[in-house]
Amino acid sequence: MFRRIPNITRRVAQRAANWEYLSSTIGKTVDIEAFRKVTEEMEEAIVKAPKSVKPIDFKAWEAKVGKEAVAVAKSGWEKWVKEEKGSKTISFSDDQVKSLKAEAAEMIAAAQNMEDWHKLRLRELEIEIAKLTHEKDNIDNLSTADLMKRYPHIEKRVAEELEEGVWPGSI
């Protein structure tokens, strides 16, 4: 039995996926190639799938074109349904649907975790930039003692230069 692919999968299939990006980001925890293969198979099925399936009204066609023509078309249709439909259409078992949904959920969760981590890291960097900007803008307001506490390497250098008899900062 042909199962309709959920709308979210259809929307994803309509957009081109950036497989390189997915491999480099969540490819370590999720098998991207297997997901890509399944996605491409679904894309092909979506392209081939009819928008809606209506049963053929053979009686109405018999009235329009005659019983002989309909009999030929009907036998061809029934032959296709029996012999070829299975190879031309894709159907998913309940286990396959569950597996695909689980894989998609796993990928979404991994992507969400990565996004959350990057948002947090970005916020940390914004805070650090704000601190450094504040220090840069207010460095002239620091006393010498505060400057030496904040930057001990400068205090050490000044002490060394004083010991050598060189005025701090001179050539």
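The model is predicted, and its protein chain contains nine helices and zero strands. The mean pLDDT of the chain is 81, with 86% of its residues reaching 70 or more.

**Fold and surface**
- Read along the sequence, the elements of the protein chain follow the pattern α-α-α-α-α-α-α-α-α.
- Of the 171 residues in the protein chain, 13% are buried, while the chain exposes about 14200 Å², of which carbon and sulfur atoms supply 56%.
- Among the contacts between residues at least 6 apart in sequence, 55% join residues at least 24 apart.

**The pairing of α4 with α5**
- Two packed helices are described by the angle between their axes and the distance between the axes.
- For helix α4 (residues 58-65) and helix α5 (residues 67-83), that angle is about 140°, and the axes lie 7 Å apart.
- On the α4 side the contact involves Phe-58, Trp-61, Glu-62 and Val-65, which meet Lys-67, Ala-69, Val-70, Lys-74 and Trp-77 in α5.
- The residues of this contact divide into six nonpolar, no polar and three charged.

**Confidence along the chain**
- Among the elements of the protein chain, helix α7 (residues 94-138) has the highest mean pLDDT, at 91, whereas helix α1 (residues 7-14) has the lowest, at 50.
- Over residues 1-8 the pLDDT stays under 50, although the model has 18 contacts beyond four places in sequence for this stretch.
- Where pLDDT is low, the predicted coordinates should not be read in detail.

How values were computed:
Residues numbered from 1 in each chain as written. Predicted model: local features only at pLDDT ≥ 70, side-chain atom pairs only at ≥ 80, totals over all residues. Heavy atoms only, no water. Helix = DSSP H or I, 4+ residues; strand = E, 2+ residues; numbered from the N terminus. Buried < 20%, exposed > 50% of the residue type's maximum accessible area, 1.4 Å probe, protein only. Contact = heavy atoms within 4.5 Å. Areas by Shrake-Rupley, 256 points an atom, 1.4 Å probe, with all protein chains shown as cover. Axes fitted to C-alpha atoms, helices over the stretch in contact; angles between N-to-C directions. Nonpolar A, V, L, I, M, F, W, Y, C, P; charged D, E, K, R; others polar. pLDDT = per-residue confidence, 0-100.
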